[in-house]
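Please keep the sequence and the coordinates at hand while reading.

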Amino acid sequence: TFPAAGGHRPRPSFAPSGTSRGPVPNGSLSVAGCGAPEVSGRSAKALAALTYAESVQQAIRHLRQSLEVLTERDFRLFFVGQATSWIGTGMLPVTLSFAVIDRGGGAGQVGVLLGAQSGGFVAMLLIGGVVADRMSRKLITVTSDLVRAAAQLGLGIALVMAHPGLPVLCAAEALVGVATG
């Protein structure tokens, strides 16, 4: 609390309980005026260990409270779906870069490929806000995830079964960028 206007806050006294100053009898310490509990007979190491143990217990309690949301079925499904989707989308540029290099492409072709995804993403950002204001959030989320999944699945099949050219890869990457934006 703040002191009253023009007043001063009393300064805490770190003197042993019952005295104003002087040596600490039997190792007890009191923080008079602060409302702190009296600590008696404990060394600094023991106090530090106790403080550390208490902070760990508090962190564990906080973690349990934070993870309570995972007990809700709808949130758990949403979280797992989004995490899976973003991991797949994040790995796609790495995978496609290796695919282009493996097929004899160079850094320039990898840059064009990654630029196609960024171009689709930026283009969709311009109109994505308008679309998001007029449509259901759930519909937008599910649709964009399905489009990304279809594009990524198509890319995977094309890379395994055929030898797609750079334009095909760029078109699929642009579609992933549009669905991400």
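The model shown here is predicted. Arg148 has a relative accessibility of 3%; because buried means under 20% relative accessible area, Arg148 counts as buried. Leaving aside residues up to four places away in sequence, Arg148 touches Ser85, Thr89, Val176, Ala179 and Thr180.

From this residue the account turns to the nonpolar interior. In soluble globular proteins, nonpolar side chains tend to be buried together. The largest nonpolar core of this model comprises 14 residues, of which Leu92, Leu96, Val100, Leu113, Leu155, Leu159 and Leu169 touch the most other members. Two or more residues of this core come from each of α2 (73-102), α3 (107-134), α4 and α5 (166-180). Leu159 illustrates the arrangement: with residues up to four places away in sequence set aside, Leu159 touches Leu96, Ala99, Arg103, Pro164 and Leu169. Among these contacts of Leu159, Leu96 and Leu169 are themselves listed with the core residues that touch the most other members.

The pockets come next. The largest pocket has a volume of about 380 Å³ and a lining of 20 residues. Nearest its centre lie Ile140, Thr141, Ser144, Ala179 and Gly181. Helices α2, α3, α4 and α5 each supply at least two residues of this lining, and α4 provides the largest share, with eight residues. By class, the lining of the largest pocket has eleven nonpolar, seven polar and two charged residues. Ala179, one of the residues nearest the centre of this pocket, is also touched by Arg148.

The second largest pocket has a volume of about 280 Å³. Its lining is formed by Asp74, Leu77, Phe78, Gly81, Gln82, Lys138, Thr141, Val142, Asp145 and Leu146. The elements that give two or more residues to this lining are α2 and α4. Four of the lining residues are nonpolar, three are polar and three are charged.

Two residues link these descriptions. Thr141 lies among the residues nearest the centre of the largest pocket and also belongs to the lining of the second largest pocket.

Note on methods:
Residues are numbered from 1 along each chain as its sequence is written. This is a predicted model: local features need pLDDT of at least 70, side-chain atom pairs count only at pLDDT 80 or more; totals for chains, interfaces and linings use all residues. Side-chain values use heavy atoms; hydrogens and water are left out. Buried means under 20% relative accessible area, exposed over 50%, partly exposed in between (1.4 Å probe, protein chains only). Contact means heavy atoms within 4.5 Å. A nonpolar core is a set of buried Ala, Val, Leu, Ile, Met, Phe, Trp, Tyr and Cys residues joined through side-chain atoms within 4.5 Å. Helices (H or I, at least four residues) and strands (E, at least two) are DSSP runs, numbered from the N terminus. On a 1 Å grid over the protein atoms alone, a cavity is a set of points where a 1.4 Å probe fits but cannot get out, and a pocket is an open set with protein on both sides within 12 Å along at least five of seven lines; lining residues have an atom within 4 Å of a point. Grid points are joined across faces, edges and corners, and a volume is the space filled by probe spheres set on the points. Ala, Val, Leu, Ile, Met, Phe, Trp, Tyr, Cys and Pro count as nonpolar, Asp, Glu, Lys and Arg as charged, and the others, Gly among them, as polar.
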